[in-house]
Amino acid sequence: MRYLRYRTKKMKTIKLTLTLEISITKYNKGSILLALYDSEESYMKEIYKSAEIFIKDNKAQITFNDLKKGVYAYTFFHDLNKNKELDTNFLGIPKEPYGFSNEKKGRFGPPKFKEVSFTLNKSSIFKISIE
């Protein structure tokens, strides 16, 4: 008796790149700390990928490789004093520049995931300006 052998093609998972080009207008010092989230459930709780890049000539560039197609969001802050913490005043208001994807700002806390999320279905470059 003969058995037929079927070959299955392994589906190639397309790996994408997300690049964030950051320009800083006010402070030419410190570093940018960035957190990338890959789901609403993990947003502001569990970081999917993170990076720290030092400011040079009022610019920084962060690239995340090997990403899958999907929905993502990111948060960042400009760590002026290199203590790796977002410094706040006595009311909890950030004293260092910060931001979210889609250029959203929260009111009385971070914006919702649906406001800051974006779909990554091809390699992309986002430009961010920090004032």
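K84 is placed in the loop between β5 and β6, where strands are DSSP runs (E, at least two residues) and are numbered from the N terminus, as are helices (H or I, at least four residues). The phi of K84 is near 60 degrees, a positive value in a residue other than glycine. This is a predicted model, in which local features need pLDDT of at least 70 and side-chain atom pairs count only at pLDDT 80 or more, while totals for chains, interfaces and linings use all residues. Residues are numbered from 1 along each chain as its sequence is written, and side-chain values use heavy atoms, with hydrogens and water left out.

**The loop between β5 and β6**

- K82 lies in the loop between β5 and β6, and K82 also has a positive phi, of about 60 degrees, although it is not a glycine.
- Most residues other than glycine have a negative phi.
- K82 counts as exposed because its relative accessibility is 54%, given that exposed means over 50% relative accessible area, buried means under 20%, and partly exposed is in between (1.4 Å probe, protein chains only).
- I93 has its place in the loop between β5 (70-79) and β6 (98-100), and with a relative accessible area of 45% I93 is partly exposed.
- Not counting residues up to four places away in sequence, I93 touches D87 and T88, where contact means heavy atoms within 4.5 Å.
- The C-alpha atoms of I93 and K114 are separated by 23 Å, although these residues are 21 residues apart along the chain.
- F90, L91 and I93 make a nonpolar surface patch of about 400 Å², the area coming from the Shrake-Rupley method with a 1.4 Å probe, and for residues only the protein chains shown count as cover.
- Patches are made of residues with over 30% relative accessible area and no salt bridge, with nonpolar side chains (Val, Leu, Ile, Met, Phe, Trp, Tyr) joined within 5 Å and like charges within 9 Å.

**Salt bridges**

- A search of the whole structure finds 2 salt bridges, a salt bridge being a side-chain nitrogen of Lys or Arg within 4 Å of a carboxyl oxygen of Asp or Glu.
- Side chains of opposite charge can pair when their charged atoms come close.
- K84 forms a salt bridge with E52, and the closest N and O atoms are 2.7 Å apart.
- Because K84 lies in the loop between β5 and β6 and E52 in strand β3 (residues 49-54), this pair ties together parts that are 32 residues apart in sequence.
- E52 is partly exposed, with a relative accessible area of 31%.
- K127 forms a salt bridge with E21, with 2.5 Å between the closest N and O atoms.
- This pair links distant parts of the chain, since K127 is in strand β8 and E21 is in strand β1, 106 residues apart.
- K127 is exposed at a relative accessible area of 61%, whereas E21, at 25% relative accessibility, counts as partly exposed.

**The sheet β4-β1-β8**

- An open sheet is formed by 3 strands in the order β4-β1-β8, and the pairing is mixed, with two strands taken to pair if DSSP finds at least two bridges between them.
- β4 (59-67) and β8 stand at the edges, each with a single partner strand, so one side of each is left without a neighbour in the sheet.
- From one strand to the next the twist averages 15 degrees, with axes taken as lines fitted to C-alpha atoms (for helices over the stretch in contact) and angles running from 0 to 180 degrees between N-to-C directions.
- Strands of a sheet pair through backbone hydrogen bonds, either parallel or antiparallel.
- Strand β1 (residues 16-24) pairs with β4 in the antiparallel sense over 7 bridges; Q61 in β4 is the bridge partner of E21, and I22 stands opposite A60 in β4.
- β1 and β8 pair in the parallel sense over 7 bridges, and in β8 the bridge partner of L20 is F126.

**Two buried residues in strands**

- S124 is found in strand β8 (residues 124-130) and counts as buried at 17% relative accessibility.
- Leaving aside its neighbours within four places in sequence, S124 is in contact with T17, L18 and T19.
- H78 lies in strand β5 and is buried, with a relative accessible area of 0%.
- Apart from neighbours within four places in sequence, H78 is in contact with I24, Y27, K29, G30, S31, I32, I55, E96 and P97.
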